[in-house]
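Please read them with the model open.

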Amino acid sequence: MPRMRILNAAEQTCFELPPVFTSAERKRFFTFSKTLLEMSSRMRGKTGPIGFLLMCGYFRSARRFFSPADFHARDIAHVAHLLGVSADDFAPQAYKDTTRLRHQRLILDFYGFRSFDGQAEALLIEEIARINRGLLKPRLIFGRGLDFLIQNRIQVPGAGRLTNLIRTQLNTRKRELIRLTKIHLHPDTRRMLDELFTQEPGENRYRLTLLKKLSQSTKPGKIKESVADFQTIAELYQQIVPAIDTLDLGNDGVRYYAGSVLKAEIFQLHRRAETDRHLHAIAFIAHQHHRMQDALVDMVLSTVQSFRNSARRDHKDQVFERSKAQDEQFGGVLEAIEKDVVGALREIRGLLDEPGLSDAQKLHRIKAILARDQEQAFDTIRTGVEQDGSADQQYFQVIEARSLRLQNRITPILKVLVLDGNAHAASLIEAIEHFKVKDGAVGRGAPLDFLEPAERKAITGEDGGSFRTSLYKAFLFLRLTDAIKAGNVNLMGSYKYRPLDDYLIKRERWEQEKKQLLERAGLTAFANVEPVLQDLKAALQRQYETTNCNAREGINPHLQIGTRGAFRVATPAVDDAGESEPLRNCFPARHYVPLAEILATVNQHSGLLAELQHWQQNQERSPPSPAVMIAGIMGLGCGIGVQKMARISPALSERELEHAVNWRFSLENIRAANDRVVGIMNAMELPNIYRKSPDQLHSASDGQKFEIRAESLNANYSFKYFGKGQGVSVYTFIDERNLLWYSLVFSAAERESAYVIDGLMHNDVIDTDIHSTDGHGYSEAIFGVTYLLGLSYAPRIKNLKKQRLYHFRGYKAGAANWAIAPGRYVDETLIRANWDDFLRLVATIKLKETSASDIFRRLNSHSRQHSLYRAMKAFGQIIKSLFILRYLDDLELRQAIEKQLNKVELANRFTRAVAVGNPREFVQPEKEQQEIAEQRQQLLRVIATHSPIAWAHINMLGEYDFSDEKLRDNFGILPPKIAPGFLASNREVTNGQFIH
């Protein structure tokens with residue numbers, strides 16, 4: 001029977017095997033002190049000294065020991081060379097257990113660690129129990145357990161032993177939660193929870209079922225329904241807050257128990273013991289409260305953004321129309337000036353030169369000329385200029401005219417949101433609270449401090465005696481969305497809109513465990529900022545000199561430098577067209593392989609279906625048959641649908657298929673199954689023929705747009721891609737061996753760069769060394785983060801000549817002769833001031849405690865204000881400058897980037913081939929559902945493509961049975977009754993013949 005699993009198969013394998021080192025890491029971990037070398041020299045035999053030093057190096061890296069049979073050949077060769085012996089002198093079978101255990105004790109003593117004995121296990125159990133009170137996510141408990149062991153200098157045991165300890169504590173914690181629920185739940189709260197499992201009056205559905213829905217619509221009527229649902233759930237939430245505080249579930253615990261409620265039917269929940277049912281209901285209410293509140297904020301952001309775009313478009317049209325009218329008006333003004341002003345001056349000049357007139361006559365005539373109304377022309381010009389200067393007022397008028405539609409959508413939401421603002425948003429929060437107190441009926445007493453002077457003036461008028469209510473509300477809503485995006489306004493009880501610091505490793509824990517966290521995240525080398533900056537300063541100086549020297553000496557013929565210092569670089573195409581064409585002969589020419597057969601075969605060799613475990617992993621359940629699981633993958637991955645797949649598959653039960661998909665096809669499980677397949681392919685030798693270098697793996701990522709047919713808050717309008725519809729971006733990762741290893745879904749309006757790190761951190765199977773994106777996946781902050789993560793980031797940047805290059809202050813004077821020179825200085829002060837928080841952010845990502853996209857989503861929008869983000873950009877500008885200089889100088893690098901990005905495009909074509917329905921549409925409204933659907937297609941892509949991305953030999957459309965049995969009428973349908981004269985009336989005469 002299946003048991004709860006913490007690490008998937010790929011992660012388990014990675015944990016149990018010795019670490020795979022790069023050349024630099026190998027030198028680092030296999031550089032030994034004189035004491036260790038002397039200890040090894042005193043050991044007998046040839047195997048012992050090599051095995052001892054290998055275990056020392058692996059222990060320094062992983063703080064645990066591994067089987068000699070798993071030692072890597074390159075590591076063996078390196079240590080053998082260090083000792084001056086042959087790698088063949090090491091024989092794993094000759095490394096006896098008694099000798100190995102003795103060596104392990106020596107290593108533990110030397111590094112000041114102790115073995116994982118009974119006393120250490122008791123300490124770890126105590127720590128797991130403490131961690132588990134606020135963290136239910138087993139993976140994070142696993143990681144925190146590792147931190148605790150390393151911090152206390154205890155040898156790390158195997159993954160199986162750690163998993164068993166965590167599983168036991170999770171079960172203990174579950175029993176404790178049930179006990180606490182039984183003891184502390186108020187009778188009134190218990191009755192309220194029981195009412196959730198009763199039917200609503202006049203309804204066939206239960207109250208709990210009605211609360212499961214989450215609207216994605218921004219129509220006024222639907223918004224009011226969403227607000228009403230939130231008010232209902234908020235009232236329930238207020239009653240369970242004491243219980244939530246007592247249980248201390250944490251967000252992950254809430255999600256886990258609530259997930260069971262969302263997936264279960266009422267009769268399944270009724271089967272639970274009463275207290276267990278109450279525990280799940282409490283988590284469900286808290287989960288829905290957070291989701292609904294986040295959804296309401298999404299509605300506000302989406303609606304206000306549409307309002308802002310429409311107002312700007314209308315204002316732009318008005319400005320255009322006004323400019324045409326002003327052109328005509330100024331044409332008349334110029335004629336008037338020519339006639340009345342210039343003409344008058346010409347007459348006066350002529351009079352002054354007239355010899356036959358006396359001075360008195362000249363003065364009389366000049367007065368007559370000046371008496372004409374020349375000032376009218378100047379008044380016309382003045383009026384036009386004043387109108388031009390009131391552009392803001394005209395924009396305000398557009399906003400005011402559209403405000404009522406905005407109010408209909410935002411006002412109901414704003415009345416129920418519970419907002420929390422920092423010091424930057426104090427005046428805005430005051431205005432929002434006033435808005436709520438007045439129930440939206442604001443007037444002259446409304447707070448104005450959150451507005452700009454011009455906006456306050458527009459609302460109250462020149463004399464302050466008026467009040468434009470509609471304009472005020474529009475400004476209030478606009479400022480609120482800006483503050484939410486900037487992180488100045490957050491939600492009380494939320495998943496998506498918490499303060500930035502909540503997403504990072506807690507500061508207290510960071511201060512206490514910083515050394516261990518840095519070590520586990522592989523960031524120890526960056527702990528001190530000064531040597532990091534000094535090394536980068538030297539590297540940047542060398543690269544400036546190299547790039548400029550090659551340009552000056554003509555070594556780089558593809559680089560052209562303009563007269564003003566603008567540069568342009570050409571990249572000749574690599575002739576790799578039809579990379580997979582020669583392989584077509586290797587596939588069946590006249591036989592199509594059914595996709596179901598491929599899935600079954602791949603499962604036979606990789607065991608991918610074993611990753612599709614039940615949501616409630618702590619309970620033993622018999623898995624569905626492989627046929628049901630494969631049908632689920634195809635039904636959803638190919639866009640057929642679960643119900644339709646069951647109905648066109650006579651051997652399958654619709655209920656069984658729906659049950660399997662509902663409980664087992666979670667996003668985490670699908671990704672684990674995908675990793676299982678990729679892991680098998682990664683271990684094969686054949687895909688490596690596509691690698692340019694055995695020591696470096698190049699990967700790339702790119703997005704493609706999918707239209708959303710249903711209303712979705714995760715979708716955005718884009719006329720370029722969807723016309724009048726909405727859509728999302730699907731972002732796919734691929735390496736140079738054509739292995740597709742990750743994909744995710746996000747709003748089409750979001751920057752792709754925030755999600756690049758998510759894929760790179762999903763590297764349990766694929767360990768990327770260099771990664772490329774197009775311009776949409778590029779940002780300076782990403783350069784900085786990837787450098788600390790130990791990755792080389794190599795994007796394709798459009799308009800490269802417009803990119804600013806940076807250097808440190810005080811670089812060498814010879815730079816005066818550089819054709820490619822820096823334009824700005826690095827802000828070292830800002831980097832130093834925020835370095836500790838920068839490390840904390842990267843450690844959070846590296847240890848997978850929070851996804852990079854969650855952090856960047858809260859950080860990106862207020863980059864001008866948040867010092868951490870500005871510091872990340874400042875550091876990234878150093879790395880970006882290094883990359884651009886190298887990019888200009890290295891033709892092979894440019895060609896490799898182009899080639900790798902082309903592979904992503906080819907992979908995206910497979911998405912359109914695998915879908916039986918419309919390959920450019922999603923029908924799922926929620927982000928998680930869209931990601932699950934994309935992951936199922938991703939699984940199919942991985943399985944079908946192997947190394948060359950070719951799929952012409954795969955039958956995506958199913959098989960059709962045209963046998964006599966299937967063509968026979970099984971329902972006994974009677975022949976249609978033909979009306980008299982019908983045949984005669986439907987005949988035509990052609991060439992004298994009757995034709996039906």
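1. Strand β8 spans residues 726-735 and is mostly covered: ten of its ten residues are buried. Buried means under 20% relative accessible area, exposed over 50%, and partly exposed in between, with a 1.4 Å probe and protein chains only. Strands (E, at least two residues) and helices (H or I, at least four) are DSSP runs, numbered from the N terminus.

2. This is a predicted model: local features need pLDDT of at least 70, side-chain atom pairs count only at pLDDT 80 or more, and totals for chains, interfaces and linings use all residues. Residues are numbered from 1 along each chain as its sequence is written, and side-chain values use heavy atoms, with hydrogens and water left out.

3. In a regular strand, side chains alternate between the two faces of the sheet. From β8, Q726, V728, V730, T732 and I734 point one way. G727, S729, Y731, F733 and D735 point the other way, and all are buried.

4. What does β8 pair with? Strand β6 (residues 698-708) runs antiparallel to β8, joined by ten bridges. Pairing requires at least two DSSP bridges between two strands. E707 stands opposite G727 in β8.

5. Strand β9 (residues 740-747) also pairs with β8, antiparallel, over seven bridges. V728 stands opposite S747 in β9. β8 and β9 form a hairpin with four residues between them. In that turn, N738 has a positive phi of about 70°.

6. Now the loop residue. R63 lies between α4 (47-62) and α5 (73-83). Is R63 buried or exposed? R63 counts as buried because its relative accessible area is 11%. Setting aside residues up to four places away in sequence, R63 touches Y58, F113, I150, Q155, V156 and E519. Contact means heavy atoms within 4.5 Å.
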